[in-house]
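These are my notebook entries on a structure with two chains that I looked through step by step. I wrote down what I looked up and what I found.

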Amino acid sequence: MTLNRRHFLGATAAGAAALSAPMVMGGSHSKPRVVVVGGGAGGATAARYINKDSGGEIDVTLIEPTRRYYTCFFSNLYIGGFQEMEDLGHGYGNLASQGVNVVHDWAVGIDRDAKTVALAGGGSVPYDKLILSPGIDFVDGSVPGWDLSAQNAMPHAYKAGSQTELLKAQIMAMPEGGTFAMIAPPNPYRCPPGPYERISMVAHALKANNPTAKILVVDPKPKFSKQGLFEEGWNNHYGGMIERIGPDFGGENFTVDPAAMTVDIDGSVENVDVCNVIPAMKAGRICEMAGITDGNWAPVNAADMSSKMDADIHVLGDASAQGDMPKSGFSANSQAKVCANAVRGALTGSRVFPAKFSNTCWSLIDTDDGVKVGATYEATDEKIAKVDGFISQTGEDAALRKATYEESLGWYSGITADMLG
Amino acid sequence: MKHLKFSLLAAMVWALPAMAADDFGNAENGAEIFDECSGCHELGQGAENGIGPHLNGIFGRKAAGIDGFTYSESLTRAGNDGLVWDLEKLGYYIENPQIFASGTRMSYDGLEDPQERADLLAFLRIYSDNPQNIPEAAPTAIAAALEVRLPPDILEIQGDSEYGEYLSSECLTCHRADGAAEGIPSITFWPEEDFVIAMHAYKRKLRPHPVMQMMAGRLNNEEIAALAAYFAELEE
């Protein structure tokens with residue numbers, strides 16, 4: 001449906017302006033309405049670009065429960081002591097003053113026939129196009145012995161904010177020579193290098209404060225993102241501190257006991273002082289409520305990020321099943337711009353350009369030792385497909401690694417300004 | 001025989017009658033050309049940094065590689081990204097300094113004549129530690145050097161700035177729209193031509209940065225012109 005309409009408008013460029021919003025819209029409301037659920041890297045970017053680029057022709061509402069958004073990207077650097085939590089927090093004041101209607105509430109239901117989003121605080125918001133960018137939720141039962149009620153004893157810290165602060169406080173309070181354990185997640189999950197950057201940052205903090213402490217990574221995956229770079233860095237900076245147990249040594253056969261603070265790995269019980277449980281992930285629950293998921297994720301069309309189940313709903317970022325892009329803030333931001341261009345075109349007849357996607361993930365291993373991996377992508381009929389990519393090399397000189405880290409600081413400043421104005 | 005073949009090929013590429021004995025340039029002629037450089041660059045025994053860095057051992061040196069000399073941010077970045085001066089790269093840089101560093105402090109328009117570049121490089125080579133390790137220019141390298149300046153038809157493309165605005169959103173994930181530059185350089189308020197030259201240098205992998213090589217690598221000539229037009233309009 002969307003595709004037909006978009007193509008129709010695109011094919012008749014002259015007529016497109018004449019058609020404009022009211023005809024597409026119908027009804028009494030004068031402007032087309034876009035509702036965005038989730039104010040992270042995908043949702044905030046989409047809201048900002050549609051609002052900015054439509055020059056007031058589209059009503060944009062952003063529904064986001066928190067008033068202050070803490071970026072998940074760079075939250076590992078808080079654990080390592082390289083960032084203050086306060087500097088990772090961002091408000092929505094700029095978006096609001098630029099004209100986005102920012103509603104701080106939970107979206108608790110979607111009526112796809114009536115085209116409305118129900119709010120926890122009561123009432124509902126109508127939409128012509130709905131953009132869901134809710135991030136991740138956890139798969140119940142994926143870590144035997146753990147559920148959300150145990151997240152204080154064994155934090156996930158995979159949504160940034162109080163969980164991250166809790167995990168850091170526990171690390172700093174570890175007894176001398178104690179053990180930090182991580183249950184690493186199975187694929188696919190948010191931020192592929194994230195757990196391993198976190199291990200690096202935990203090691204950095206412990207090396208300074210508790211150098212005889214041990215780090216144990218229980219990992220169900222045979223290999224992981226930037227593995228060669230991380231293992232080289234761990235060897236260079238934290239020799240002997242980090243032990244990773246992969247599936248060949250029982251890393252996929254584990255249970256945890258948050259009350260006893262133990263981890264059972266393939267029948268061998270370890271006492272641990274801190275346990276960071278990162279469960280298996282799925283699309284933010286609102287996607288399930290909308291009925292647009294297939295398995296754990298919401299499948300989308302690559303050209304415009306529209307749901308394969310509903311042409312008037314688009315899904316961005318971690319929650320989407322799109323193909324080759326990793327689940328990252330950079331990816332969500334990139335997808336949001338393609339989506340914003342397509343949504344605006346569908347609603348106002350503005351020009352729609354070909355989808356171009358890109359991603360780069362920086363990770364910090366130790367002070368001034370930054371690495372990165374990235375790729376470009378394009379839309380095919382089946383999926384978002386990788387075009388070209390690169391990765392930092394092992395053995396790079398210190399000046400390049402420092403420049404890479406400084407570049408990541410520049411990116412942080414760039415993407416947060418790009419999302420939130 | 002092999003040597004003769006090389007000379008013939010090179011002569012064809014350069015459209016010059018004969019090659020000097022040292023294969024890729026005449027150092028004596030190069031010494032005369034260097035007079036133009038010597039106001040800023042010292043060379044030879046006891047050479048020190050002046051307005052520009054001394055050029056002893058320039059072959060094999062990392063770009064912006066002399067400790068204590070204050071280079072432009074652009075050239076420092078290129079060095080950190082992995083730019084090392086070899087025969088080919090020095091040839092490009094002498095032809096058009098903007099290729100590697102849009103903000104280079106070297107106020108020099110470039111040396112257009114390939115024979116003069118080759119002569120100058122032959123002269124500079126004498127002052128590198130291990131001249132015997134410096135590869136002789138392959139004919140392909142010389143041919144590439146001839147093309148390092150963008151042809152006028154690429155520079156003259158009128159960019160579609162509306163398309164450029166859409167494409168620019170991809171740049172703005174990292175580069176700040178307000179021109180702030182911390183860790184990542186500013187790309188706003190550039191002269192259009194500088195922007196086009198820089199993007200093509202990344203696209204052709206002359207400039208070393210892997211993210212930029214990748215991003216520029218999939219942009220065609222029209223898309224680069226569109227971006228340049230959009231960022232130029234921002235200035236107004």
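Is R68(A) buried, partly exposed or exposed? I looked up its accessibility, keeping in mind that this is a predicted model, and I noted that R68(A) counts as partly exposed because its relative accessibility is 35%, which falls between the 20% and 50% cut-offs.

**Entry 1: salt bridges within chain A**

I then looked for the partner of R68(A) and found a salt bridge with E86(A), in which the closest N and O atoms are 3.2 Å apart. R68(A) sits in strand β3 of chain A, whereas E86(A) sits in the loop between α4 and β4, so that the pair links parts of the chain 18 residues apart. E86(A) also counts as partly exposed, at 48% relative accessibility.

Next I looked up R244(A) and D219(A), whose side chains meet in a salt bridge of 3.0 Å, N to O. Because R244(A) lies in strand β13 and D219(A) in the loop between β12 and α8 of chain A, this pair ties together parts that are 25 residues apart in sequence. R244(A) is partly exposed at 22%, while D219(A) is buried, with a relative accessible area of 0%.

K372(A) belongs to strand β23 and E407(A) to helix α11 of chain A, and they are 35 residues apart. I found K372(A) buried at 4% and E407(A) buried at 9%. I also noted a network of salt bridges with shared partners, which joins E232(A), D369(A), E396(A) and R401(A). Over all chains, the search of the whole structure finds 26 salt bridges.

**Entry 2: a buried aspartate**

Where does D137(A) lie? I located D137(A) in strand β10 of chain A, and I recorded it as buried because its relative accessible area is 14%, under the 20% cut-off. Its side chain has a polar contact of 2.8 Å with the side chain of K159(A). Beyond its neighbours up to four places away in sequence, D137(A) touches K159(A) and several other residues, including A280(A), M281(A) and R285(A).

**Entry 3: where the two chains meet**

How many residues does each chain bring to the contact? I found 40 residues from chain A and 26 residues from chain B. The two chains bury about 2600 Å² between them, and 57% of this is on carbon and sulfur atoms. On the side of chain A, R351(A), F353(A) and K356(A) lose the most area to chain B, together 23% of what that side buries.

I looked next at the charged pairs, and the rule finds three salt bridges across this interface. One that I looked up joins D160(B) to R351(A), with closest N and O atoms 2.6 Å apart. The largest share of the side of chain A that touches chain B, 13 residues, comes from α11(A). By class, I noted 18 nonpolar, eleven polar and eleven charged residues on that side.

**Entry 4: helix α8 of chain B and what follows**

D160(B) came up again at the start of α8(B), where one of its side-chain oxygens reaches to within 3.1 Å of the backbone nitrogen of E162(B). In helix α8 of chain B, nine of the eleven residues are buried, among them Y163(B), L167(B) and E170(B). I asked what they pack against, and found α3, α10, β22 and α11 of chain A together with α10 and α11 of chain B.

T173(B) lies in the loop between α8 and α9 of chain B, and I recorded it as buried because its relative accessibility is 2%. Leaving aside neighbours within four places in sequence, T173(B) is in contact with residues of chain A that include F330(A), W411(A) and D418(A).

Conventions
Residues are numbered from 1 along each chain as its sequence is written. Chains are lettered from A and ligands numbered from 1 in the order in which they are written. This is a predicted model: local features need pLDDT of at least 70, side-chain atom pairs count only at pLDDT 80 or more; totals for chains, interfaces and linings use all residues. Side-chain values use heavy atoms; hydrogens and water are left out. Contact means heavy atoms within 4.5 Å. Buried area is the accessible area (1.4 Å probe) that two parts lose on being put together, summed over both. A salt bridge is a side-chain nitrogen of Lys or Arg within 4 Å of a carboxyl oxygen of Asp or Glu. Helices (H or I, at least four residues) and strands (E, at least two) are DSSP runs, numbered from the N terminus. Ala, Val, Leu, Ile, Met, Phe, Trp, Tyr, Cys and Pro count as nonpolar, Asp, Glu, Lys and Arg as charged, and the others, Gly among them, as polar. Buried means under 20% relative accessible area, exposed over 50%, partly exposed in between (1.4 Å probe, protein chains only). A polar contact is a pair of N or O atoms within 3.5 Å; within protein, one must be able to donate a hydrogen and the other to accept it, and residues adjacent in sequence count only if both atoms are side-chain atoms.
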